[in-house]
Amino acid sequence: IDLQQVVNGLWEAGAESVSVNGQRVGALTAIRSVQETILVNYEPVVGPYVVRGIGDPRTLPTDFLRSSGGQWLQAVNLSAGLRFSIDAATDDQGLASETVGTLRYASTVPAGEGGES
């Protein structure tokens, strides 16, 4: 749940891209726990967990701490002693690309039928 909260908090704070231990997180990504194992994209990840987000370096850290995910992480820090740090990314900390896959519910609008609202 902690990783889910952090990832959702980064999206809420305006991150354009997020990864957990190098596993790119997208709209269809599952973050689950199976017994003692945490799976991201159905791949096991182990601590220490590194969550990276790409966004505006001037606002993302503060906006994250104000988000529901940031507040969750701070509460867990106070109650359970979970340590975390927020570091400014460097240019060499890019995230792996993610394939979008097949669109399931979208279709093109035939010419002439896409009037403006």
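Buried residues account for 23% of the 117 residues in the protein; buried means under 20% relative accessible area, exposed over 50%, and partly exposed in between, with a 1.4 Å probe and protein chains only. This is a predicted model, in which local features need pLDDT of at least 70, side-chain atom pairs count only at pLDDT 80 or more, and totals for chains, interfaces and linings use all residues. Residues are numbered from 1 along each chain as its sequence is written, and side-chain values use heavy atoms, with hydrogens and water left out.

**Overall make-up**

- The protein has 3 helices and 6 strands. Both are DSSP runs numbered from the N terminus: helices are H or I with at least four residues, strands are E with at least two.
- From the N terminus, the order of elements is α-β-β-β-β-β-β-α-α.
- Of the contacts between residues at least 6 apart in sequence, 57% join residues at least 24 apart. A contact means heavy atoms within 4.5 Å.
- The protein exposes about 8,800 Å², and carbon and sulfur atoms supply 50% of that area. Accessible areas come from the Shrake-Rupley method with a 1.4 Å probe; for residues, only the protein chains shown count as cover.

**The β3-β4-β5 sheet**

- An open sheet holds 3 strands in the order β3-β4-β5, with antiparallel pairing. Two strands pair if DSSP finds at least two bridges between them.
- β3 (31-34) and β5 (43-45) are the edge strands; each has a single partner strand, so one side of each lacks a neighbour in the sheet.
- Neighbouring strands of this sheet are turned by 40° against each other on average, direction ignored. Axes are lines fitted to C-alpha atoms, for helices over the stretch in contact, and angles run from 0 to 180 degrees between N-to-C directions.

- β3 and β4 (residues 37-40) run antiparallel and are joined by 4 bridges.
- I31 stands opposite V40 in β4, and S33 stands opposite I38 in β4.
- The hairpin has 2 residues between its strands. Q35, in the turn, has a positive phi of about 55°.

**A nonpolar surface patch**

- L65, F84 and I86 form a nonpolar patch on the surface, together giving about 220 Å² of accessible area.
- Patch residues have over 30% relative accessible area and no salt bridge; nonpolar side chains (Val, Leu, Ile, Met, Phe, Trp, Tyr) are joined within 5 Å, like charges within 9 Å.
- A salt bridge is a side-chain nitrogen of Lys or Arg within 4 Å of a carboxyl oxygen of Asp or Glu.
- L65 lies in helix α2 (residues 60-66). L65 is partly exposed, at 31% relative accessible area.
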